[in-house]
Amino acid sequence: MKEVRIGLVGLGFMGTTHWGIYKGMKDARIVAVADVDAAKRRGDISKVVGNIGGGDNSKPLDLTGVTVYENGFAMLADADVDIVDICVPTPDHADLAVAALKAGKHVFCEKPLCRDRAQLKRIVAAVKKAKTFFNVGMCVRAWPEYRHAWEYFKSGKAGKMKTATFKRISPSVDGNAWQNWFMDGVRSGGALLDLHVHDIDEVNYFFGKPKRLSAAGAADVVCKGGVDHVVATYDYGDGTLVMAEGGWAAAKGTPFEMSFTIVCEKATLKLDASGYHIYPVKGKPIVPKCDVKAGPTGWHQELAYFVQCVKKGIAPTKYQTLDSVATTMEMAFAEERAVKSGKAVAL
Ligand SMILES: NC(=O)c1ccc[n+]([C@@H]2O[C@H](COP(=O)([O-])OP(=O)(O)OC[C@H]3O[C@@H](n4cnc5c(N)ncnc54)[C@H](O)[C@@H]3O)[C@@H](O)[C@H]2O)c1
């Protein structure tokens, strides 16, 4: 395949972020876009806002040579599209992903994969049946500092984990999205499913599926019917303490925080506002060199990798397997149940 042709569905914060990343790739070309919003279909992204990153949205997208559809389903019959990239609100991922796989497209689907367990079951069945590739935007697995820490830990250099803490605190996203859908917790799943899911995924990616988890949360702080702030602990039955905290109720303008502290026998790995460092028990602190060849963020890394896999016909297993992402979603839904019931949940 000479170049990989992209059909981008949803031109909000994440869709326009993906747009910018594909534009910087020599092996990918956006050939189609779809959005239910007429202004976005004209390329007007002036109302698009996100919590981190994001480019200059004052300039309209140049849609010259790009086929524009009124929704993602209409795009699926377009023979020019190789990858359908799904950047629509979470509850709509499942129908579109299943239909795109059935239409024989490769699919890149934004996180969180879906809104509930019934949707998860449908997507897993469709991916297993499909001959095409499927990856989910669990971008933190590919985020340079997190990736370096994961590789360092998995290499055994840090030794056994003793305690691990992952944290993600965002300013409020109220007013940012199309139809303000994040603020409807039934649709978005609140901060637990939208933001904290990244750290649930890191816990799973680093240490695997725990035996059980506990979670406490605050609901109805900024969104209705969703968990706005959550603290979870993960029980591996081996005396370690693993926890994660996430919330999106901070005042607008509060700097976005993503951090971790992983205390191991031979070293502590730490990312915070001062940067990413490894502190060996013996020896001087290390400032690791992270791999940023494909770009500075996990979004760049994961998309560049998926495009190359489709181009070369190689299954995309570097960052994820379907089973590991499904486990993350089961953990997220278990946390929702734990918050509601106030009881630990077995996995
Ligand atoms: N990986 C990350 O770090 C990250 C960051 C932010 C958002 N996300 C995820 O990306 C997805 C989109 O979030 P967002 O912040 O871009 O939201 P958004 O509201 O900014 O954008 C959603 C876009 O989808 C369009 N849309 C809605 N329904 C559609 C449909 N059926 N067909 C076509 N277009 C449709 C809307 O008009 C809007 O342009 C969500 O699942 C979200 O959780 C991921």
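Colleague: Hi! Which residue in β10 is the bridge partner of Thr-233?

Modeller: The bridge partner of Thr-233 in β10 is Met-243. Before we go on, this is a predicted model, where local features need pLDDT of at least 70, side-chain atom pairs count only at pLDDT 80 or more, and totals for chains, interfaces and linings use all residues. Residues are numbered from 1 along each chain as its sequence is written.

Colleague: How many bridges join β9 to β10?

Modeller: There are 6 bridges between β9 and strand β10 (residues 241-250), and the two run antiparallel. Strands here are DSSP runs of E with at least two residues, helices are runs of H or I with at least four, and both are numbered from the N terminus. Two strands pair if DSSP finds at least two bridges between them.

Colleague: And what does Gly-237 do in that hairpin?

Modeller: With 5 residues between the strands of the hairpin, Gly-237 takes a positive phi near 65°.

Colleague: Which strand do 8 bridges join to β9?

Modeller: That is β8 (residues 212-219), which runs antiparallel to β9 (residues 227-235). Ala-219 stands opposite Val-227 in β9.

Colleague: Switching topic: in what order do the strands of the open sheet come?

Modeller: The 6 strands are ordered β3-β2-β1-β4-β5-β6, with parallel pairing. At the edges are β3 (67-69) and β6 (134-137), each pairing on one side only. Within the sheet, β4 (residues 83-86) and β5 (residues 106-110) share 4 bridges, and Ile-83 stands opposite His-106 in β5.

Colleague: Now the nonpolar core: which residues touch the most other members?

Modeller: In the largest nonpolar core, which has 104 residues, they are Val-9, Ile-86, Ala-97 and Val-107. Such a core is a set of buried Ala, Val, Leu, Ile, Met, Phe, Trp, Tyr and Cys residues joined through C-beta atoms within 7 Å. Buried means 20 or more other C-beta atoms within 10 Å of a residue's own, exposed means 12 or fewer, and partly exposed is in between, with C-beta atoms placed from the backbone.

Colleague: Which helix gives the most to this core?

Modeller: Helix α11 (residues 322-341) does, with 9 residues. Among its buried residues are Met-329, Phe-333 and Val-339. Just after α11, Gly-342 takes a positive phi of about 70°.

Colleague: Last one: what is Ala-97 in contact with, beyond its neighbours within four places in sequence?

Modeller: Its contacts are Ile-86, Val-107, Cys-109, Ile-123 and Ala-126. Contact means that C-beta atoms, placed from the backbone, lie within 7 Å.

Methods
Contact = placed C-beta atoms within 7 Å.
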